[in-house]
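User: Can you walk me through this one? I'd like to start with how the strands connect.

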Amino acid sequence: MREVERLADQLIDLARTGIDVSDLGNGPRPGGLRRMDAAGGWFYFLVAPREPLIIVVRMVPPFDEL
C-alpha cells in the first residue's frame, strides 16, 4: 500500500524534527504497538526509541478489497 509507505515516511520526518511519534495513532499506551488508519484500512507500527525508524508490522487493506 503506497498510502502506508507515505504515512510511515511522514512519521519518520516528524521523528527527525524531534517530535515524539510514539503516541501518535491508536494504542493502549505510548511506545507500544500503534494503529493508524490508511486509505480505508489500517496498519500497525512500532517506533524505534532512538532512531527515526518506523517498523510497520502489519497492514490491513479496506474490507471491500479482502
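Analyst: Start with the hairpin that joins E2 to E3 through 6 residues. Helices (H or I, at least four residues) and strands (E, at least two) are DSSP runs, numbered from the N terminus. This is a predicted model: local features need pLDDT of at least 70, side-chain atom pairs count only at pLDDT 80 or more, and totals for chains, interfaces and linings use all residues. Residues are numbered from 1 along each chain as its sequence is written, and side-chain values use heavy atoms, leaving out hydrogens and water.

User: OK. How many bridges pair E2 and E3?

Analyst: There are 6 bridges, in the antiparallel sense. Two strands pair if DSSP finds at least two bridges between them. One example is phenylalanine 43, whose bridge partner in E3 is methionine 59.

User: What about E1 and E2, how many bridges there?

Analyst: 5 bridges join E1 to E2 (residues 41–47), and they run antiparallel. Alanine 38 stands opposite glycine 41. Aspartate 37 faces tryptophan 42, and arginine 35 is opposite tyrosine 44.

User: What sits between the strands in the hairpin of E1 and E2?

Analyst: That hairpin has 2 residues between the strands. Alanine 39 takes a positive phi near 55° there.

User: Which residues of E1 are on its covered face?

Analyst: Arg34, Met36 and Ala38 are on the covered face, while Arg35 and Asp37 are on the uncovered one. In a regular strand, side chains alternate between the two faces of the sheet.

User: And why is E2 called largely enclosed?

Analyst: Because 5 of its 7 residues are buried. Buried means under 20% relative accessible area, exposed over 50%, and partly exposed in between (1.4 Å probe, protein chains only).

User: New topic. How many residues are in the largest nonpolar core?

Analyst: It has 12 residues, among them Leu7, Met36, Phe43 and Ile54. A nonpolar core is a set of buried Ala, Val, Leu, Ile, Met, Phe, Trp, Tyr and Cys residues joined through side-chain atoms within 4.5 Å. H1, E1 and E2 each give two or more residues to this core. H1 gives the most, with 5.

User: What does isoleucine 12 touch?

Analyst: Isoleucine 12 touches Pro52 and Ile54, not counting residues up to four places away in sequence.

User: Last one: is arginine 2 buried or exposed?

Analyst: Arginine 2 counts as exposed because its relative accessibility is 75%. Arginine 2 is in helix H1 (residues 2–16). Its C-alpha atom is separated by 9.3 Å from that of alanine 39, 37 residues apart along the chain.

Definitions and conventions:
Contact means heavy atoms within 4.5 Å.
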